[in-house]
Amino acid sequence: MEQSYGKLKTEVLKNLGLLENIANQRKIVHLVEYLGEVKQKLLQGRFNLVVLGEFKRGKTTFLNALLGADLLPTAVVPLTSIVTLIQYGERISAKVTFLDGVVEETTLDELHLYVTEEGNPCNEKNVKLVHLEYPSPYLKDGVVLIDTPGVGSIYQNNTDETYNYLPKVDAAIFLLSSDQPISRSELDFLKDIGQYSAKTFFILNKVDYLTDLDKKKALEFAKKVLAEKVGLEEINIYSLSAKLALDGKISGDDEKIKASNLPAFTAMLEKFLLKEKGRAAINATCNKGNNAAGELQLGLELEMKALGIPLEELKAKIVLFDEMVINLRQEQEDNGYIFQGEKSKVYQELEHEITVFQESQDIMIVKEIEQEY
Ligand SMILES: Nc1nc2c(ncn2[C@@H]2O[C@H](COP(=O)(O)OP(=O)(O)OP(=O)(O)O)[C@@H](O)[C@H]2O)c(=O)[nH]1
Ligand SMILES: [Mg+2]
C-alpha cells in the first residue's frame, strides 16, 4: 500500500512537471506558479482541509469548536472576509501577509482588524492571507485547516476571495444550516468545489434550533436534494450544533459536547485523516493537474483557431484575386477589341476626309491653272 502510494506520488509529480514545462514554454506565468505550488504541496505532504459554505452558516464557529478555542472572530452579520490558514505549531502565533508580500506578526486579539468585513472593509488593508499556528492534534501530519469568507452575501469581495481559493482545496467541509433549506446557489457552489476537492464532508449546522422531528426532516430534505441535483447518493450529512460544541469545549462541559453531536463528526474525520488522507491528496492533485491541462489545452485550441482564421481568409482572398485577374484579362481583351475597332474607324474616317480634301484641292488647283493660261 505504502509502496503503491509512493509510486503514484512519483507518477503524479512527473506529470505535473510535464504540464509545468508546457506552461513555461508558453509563458503562462500563473499556471507555472500554480503547478509549482501544487507540486510543492504534494512533496511536503501538506493537506488543505477547507471549510466552505454560504455566509453565516457557522463556518468559523465550527472551526473554533473543532479546535476547542475561541480563536477566530464570529458574528451574526457577514463577517469573515479573508482566508485564514491554521497550521500546527507548538505555540499560538498569528501572521498577516499583505498583497505586496510584506508579512507582519499580530495577536489573536487583533485578528478581527484584518480578517473581518468590519475591521477591514472591502479589504482596504490589502491583506492577502492570515496564517495561524495552533497546537491541535488535527493539524499534525501536514493538515491545514482553512476558514473562508462565506459566499453569496452582499459583499462580493468575500465571495471572490473564496472562489479564488478553490483551486487550492484538497478536501472540503461544506456547511449547511438547518434553519435554511439547501438553496440553488449552494448547489451551484458545490459543483464548483467538486472540480478541485477530492472529498467533501457535509455538516447540517445549528440543529439546536430544531426539534428531533424537524432535524430528521431537514436532514432527509438535504440528502434528497444532494442526491437528485448533484448526484451525490449515499452521502453522510452530520447534523450538529457548532455553537453548543464550542460552549461545551470552552467550559469543559462534556454533556454539551455530546449533545452537540460534534463527536460523531470528529470520529469520522480522525479516521479519514489517518487512513484516507494520502489517497485524497493524490486525487486532489490529479484534479488540479487535470484542470491545468484543460486550461493549457483550451489556450492551444484557441491559438490554433486564431492561426486557422487568417489561413482560411487568405485562401478565400487568393480565390478572389485569381477571379479578379481573369476578369481583368477579359476586360483588357474586350477593351483591346473595342480600341482596335475604334482605331480603324477613326482611320477610315480620316482617310475619307483626306481623300475629300485632296479631291477638293485638286479641283481648285485645276481651276486656278485654267484661269492662268
Ligand atoms: N444557534 C446556533 N447558532 C450558531 C451555530 N453556529 C454558529 N452560530 C451563530 O451563527 C452566526 C454566524 O456564525 P459564524 O461562525 O460567524 O458564521 P460564518 O459562516 O463563519 O459566517 P461568514 O464568515 O460571515 O460567512 C453567529 O452568531 C454564531 O454564533 C449553531 O450551531 N447554533
Ligand atoms: Mg466566518
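Modeller: A polar contact here is a pair of N or O atoms within 3.5 Å; within protein, one of them must be able to donate a hydrogen and the other to accept it. The model is predicted. By that definition, the side chains of Thr80 and Thr60 are joined by a polar contact of 3.0 Å. Both residues also coordinate the magnesium ion (ligand 2), each through OG1, at 2.0 Å. Thr60 belongs to helix α3 (residues 59–67), while Thr80 sits in the loop between α3 and β2 (84–88), so the pair ties together parts that are 20 residues apart in sequence.

Buried means under 20% relative accessible area. Thr60 has 7% and is therefore buried; Thr80, at 10%, counts as buried too. Setting aside neighbours within four places in sequence, Thr80 is in contact with Thr60, Pro73, Val115, Asp147, Thr148, Pro149, Gly150 and Asn158.

Helix α3, which carries Thr60, also packs against another helix. Its axis and that of α10 (residues 262–275) come within 11 Å and cross at roughly 75°. Angles of 65 to 115 degrees count as roughly perpendicular, and α3 and α10 are therefore roughly perpendicular to each other. On the α3 side the contact is made by Phe62, Ala65 and Leu66, which meet Leu262, Phe265, Thr266 and Leu269 of α10. By class, this contact has 6 nonpolar residues, 1 polar residue and no charged ones.

Technical notes. Residues numbered from 1 in each chain as written. Chains lettered and ligands numbered in written order. Predicted model: local features only at pLDDT ≥ 70, side-chain atom pairs only at ≥ 80, totals over all residues. Heavy atoms only, no water. Donors = N, O, S within 2.8 Å, 3.2 Å for Na, K, Ca; no water. Helix = DSSP H or I, 4+ residues; strand = E, 2+ residues; numbered from the N terminus. Buried < 20%, exposed > 50% of the residue type's maximum accessible area, 1.4 Å probe, protein only. Contact = heavy atoms within 4.5 Å. Axes fitted to C-alpha atoms, helices over the stretch in contact; angles between N-to-C directions. Parallel < 35°, antiparallel > 145°, perpendicular 65-115°, else oblique. Nonpolar A, V, L, I, M, F, W, Y, C, P; charged D, E, K, R; others polar.
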